[in-house]
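Look at the structure, then work through each answer.

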Amino acid sequence: MELGPHLRRIGNDIVAVHLIDTDEGVTVIDAGLPGHWRELVAELAAMDRTLDDVRGVVLTHGDVDHIGFAERLRRDHGVPVFVHGADADRARGGDKPKTPMGAKRLGPTFGFLLYAARKGGLRTTHLTEVTEMSDGDVLPLPGAPRVISMPGHSPGSVALHVPVADAVFVGDALTTRHVLTGASGLQPAPFTDDPALALDSLRRLSDLQATWVIPGHGAPWRGDLAAVQAEVQRAADQRPTA
Ligand SMILES: [Zn+2]
């Protein structure tokens with residue numbers, strides 16, 4: 001699906017993967033679930049591209065629903081996979097701390113788990129090799145993503161600002177569709193290691209210039225970036241267990 005002249009999306013509002021397309025090739029932002037591979041190949045074909053045009057994968061963090069086909073691209077096609085140093089171990093299959101799930105509703109939760117299972121989420125292939133990135137880095141990839149450290153959901157969570165796509169990709173620093181309740185609108189993401197820190201990190205979005213805020217789960221959001229932190233805070237105050 002085309003979201004803009006340089007921005008494509010595969011997956012859906014349950015789990016989304018984004019592609020940045022420029023003259024230099026394609027950057028993949030997050031790698032979804034293993035079963036998104038076929039959609040990736042089909043989307044590249046629709047763009048008159050092939051897997052050989054993919055220059056890199058950038059992970060917003062190391063959780064399993066974001067690393068799906070990354071190792072396959074790395075191993076079989078020599079594509080480098082970038083992740084913040086603090087999440088490198090998680091991307092390689094290290095332990096994720098257990099977090100309370102908070103509020104959930106059976107229908108959306110089941111829908112998420114079913115979708116994840118259908119897309120191969122139960123047979124995760126972890127990374128064996130990653131390229132570590134840090135706050136402030138501008139990655140040598142199409143669209144020149146700039147790394148903004150956003151600890152909270154995980155220690156190495158980042159936002160990626162891509163001016164050519166007029167977008168900032170926030171991974172699970174927030175969500176616009178809670179995978180466990182189905183509620184839509186800006187709100188904290190579930191499975192967050194440190195919710196207070198995650199809220200605080202959202203302040204870092206406030207002086208970016210971008211039209212789109214694009215989460216890993218939920219519809220792209222557009223609005224005033226300076227208002228994002230307060231809106232997510234308000235949602236958190238309304239549903240303190242989520
Ligand atoms: Zn996620």
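This is a predicted model: local features need pLDDT of at least 70, side-chain atom pairs count only at pLDDT 80 or more; totals for chains, interfaces and linings use all residues.

Q: Why does the pair D65 and D172 tie together parts that are apart in sequence?
A: D65 lies in helix α2, residues 64-67. D172 lies in the loop between β10 (167-171) and β11 (175-177). The pair therefore links parts that are 107 residues apart in sequence.

Q: Which atoms coordinate the zinc ion?
A: The distances run from 2.1 to 2.3 Å. Two Asp residues give OD atoms, and two His residues give NE2 atoms. The donors are D65 (OD), H66 (NE2), D172 (OD) and H217 (NE2).

Q: Is the site of the zinc ion tetrahedral or irregular?
A: Tetrahedral needs all angles between 85 and 135 degrees. Here the angles among the four donor atoms are 83 to 160 degrees. The site is irregular.

Q: Are D65 and D172 buried or exposed?
A: Buried means under 20% relative accessible area. D65 falls in that class, and D172 does too. Both are buried.

Q: Which elements give two or more residues to the lining of the largest cavity?
A: A search of the whole structure finds one cavity of 30 Å³ or more. Its volume is about 50 Å³. Among its lining residues are A16, H18, F169, G171, I214 and P215. The elements are β3 (16-22), β10 and β13 (212-215).

Methods:
Residues are numbered from 1 along each chain as its sequence is written. Side-chain values use heavy atoms; hydrogens and water are left out. Donors are N, O and S atoms within 2.8 Å of the metal (3.2 Å for Na, K and Ca); water is not among the atoms, so sites may look incomplete. Four donors count as tetrahedral if all angles lie between 85 and 135 degrees; four count as square planar and six as octahedral if opposite donors are over 155 degrees apart and all others between 65 and 115; anything else is irregular. Helices (H or I, at least four residues) and strands (E, at least two) are DSSP runs, numbered from the N terminus. Buried means under 20% relative accessible area, exposed over 50%, partly exposed in between (1.4 Å probe, protein chains only). On a 1 Å grid over the protein atoms alone, a cavity is a set of points where a 1.4 Å probe fits but cannot get out, and a pocket is an open set with protein on both sides within 12 Å along at least five of seven lines; lining residues have an atom within 4 Å of a point. Grid points are joined across faces, edges and corners, and a volume is the space filled by probe spheres set on the points.
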